[in-house]
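Here is a short note for a colleague who is opening this model for the first time. Please keep the sequence and the structure in view while reading.

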Amino acid sequence: MTVKKAAIITGAGRSTGIGFAVASKLNIQGYKVVSMDLWFDWHGYDNRFGNFRLYGDVAKESDVSKCVQFCLQTFGRLDLLVNNAGVHVAGPLVTTSLENF
């Protein structure tokens with residue numbers, strides 16, 4: 001499926017959270033959205049909001065890679081990435097390890 005706009009949003013698993021709100025807004029604006037989160041208890045197409053849900057951990061490079069590949073294979077493109085998931089780690093970004101990022 002090739003579309004005009006596609007996005008990945010991490011941390012979109014809670015219906016009361018920022019990631020979920022961003023995913024819903026982008027869907028209204030015509031984006032096809034892949035939402036990745038640890039809170040998802042199932043994967044697949046969500047008919048309520050018109051996006052795909054993927055279980056994944058942004059701390060695992062392999063999960064992030066699978067999410068990007070899914071978006072590219074499903075939609076043929078990736079136009080927007082919203083890195084909403086994560087935990088707080090104090091320190092300068094330039095010295096933060098991949099493991100802590």
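The points below go through the sheet, the helices and the aromatic rings.

1. This is a predicted model, in which local features need pLDDT of at least 70 and side-chain atom pairs count only at pLDDT 80 or more, while totals for chains, interfaces and linings use all residues. Residues are numbered from 1 along each chain as its sequence is written, and side-chain values use heavy atoms, with hydrogens and water left out.

2. An open sheet of 5 strands runs in the order E3-E4-E2-E1-E5 with mixed pairing; strands are DSSP runs of at least two residues (E) and helices of at least four (H or I), numbered from the N terminus, and two strands pair if DSSP finds at least two bridges between them. Strand E3 (44-46) and strand E5 (80-83) stand at the edges with a single partner strand each, so one side of each has no neighbour in the sheet.

3. Strand E1 (residues 6-10) and E5 run parallel and are joined by 4 bridges; in E5, Leu81 is the bridge partner of Ile8.

4. Phe52 and Phe70 form an edge-to-face aromatic pair, 5.3 Å centre to centre with 70° between the planes; rings of Phe, Tyr and Trp (its six-membered ring) pair if their centres lie within 6.5 Å, and planes under 30 degrees apart count as stacked, over 60 as edge-to-face and the rest as tilted. This pair links distant parts of the chain, with Phe52 in strand E4 (residues 51-55) and Phe70 in helix H2 (residues 61-75), 18 residues apart.
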